[in-house]
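Visitor: I would like to go through this chain and ask what lies behind each label. Please show it to me.

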Amino acid sequence: TDNGLTASASVVVKEKEILPESIKLSSGSIQMEVGERTALIARVMPENATTVLTWSTTNPTVATVADGEVTATGDGECVVTARTQNGLEASCNISVTKPVVLPQSIALSVNSLELEEGERHTVTAKINPSDAVYTLTWASSDNNVATVLNGTVYGVSAGECTVTAMTDNGLTASVSVVVKAKEILPESIKL
């Protein structure tokens, strides 16, 4: 300039921010067991969009979420949602169940049993852990000697057999059964 003054300016050109136009999660529903973890992936379009995601859950006692990593914390259902900075949302229904606890051991109330023909005795099974989920099947090695129904052993005729209780995951416990002939006393004796 004529008066010796100069001016300068810095110009920074920023790229225009491209906002997300759509969001979709890798799954719409997930079934999990307590303690499990799984990753949800958010697909944002267009691919070159500047994306800031906020993850949330409707019930943190069922499942928590951090950066798409879902952790099952308790039995129940909830919805996990990913939200973009411009308000677009995608959700996933989460269903969490407790893991099935299988029996680890089985023991019977008696190891051996002596019955007379026609007599019955109930044998009980103790399953550990106490919160195990199971079905118990009872069987006799010889139904001509003794039968069993839901743990009640019925003496049929003189002999020996084994009564076995088996869980549906294959654990067994047995009781030895001896059935004695019923003693029949004479009603009268003639001399």
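**Labels and their cut-offs**

Guide: Glu 89 and Arg 83 form a salt bridge, with the closest N and O atoms 2.9 Å apart. This is a predicted model, where local features need pLDDT of at least 70, side-chain atom pairs count only at pLDDT 80 or more, and totals for chains, interfaces and linings use all residues. Residues are numbered from 1 along each chain as its sequence is written, and side-chain values use heavy atoms, with hydrogens and water left out.

Visitor: What makes Glu 89 and Arg 83 a salt bridge?

Guide: The term requires a side-chain nitrogen of Lys or Arg within 4 Å of a carboxyl oxygen of Asp or Glu. The closest N and O atoms here are 2.9 Å apart, so the pair qualifies. By this rule the count comes to 2 salt bridges.

Visitor: Why is Glu 89 called partly exposed?

Guide: Its relative accessible area is 47%. Buried means under 20%, exposed over 50%, and partly exposed in between (1.4 Å probe, protein chains only), so Glu 89 is partly exposed. Arg 83, at 40%, is also partly exposed.

Visitor: Which residue does Glu 114 form a salt bridge with?

Guide: Lys 180, the closest N and O atoms being 3.1 Å apart. Glu 114 is in strand β11 (residues 112–116) and Lys 180 in strand β18 (residues 172–180), 66 residues apart; strands are DSSP runs of E, at least two residues, numbered from the N terminus.

Visitor: Why does Glu 114 count as exposed?

Guide: Glu 114 has 52% relative accessibility, so it counts as exposed. Lys 180, at 41%, counts as partly exposed.

Conventions
Helix = DSSP H or I, 4+ residues; strand = E, 2+ residues; numbered from the N terminus.
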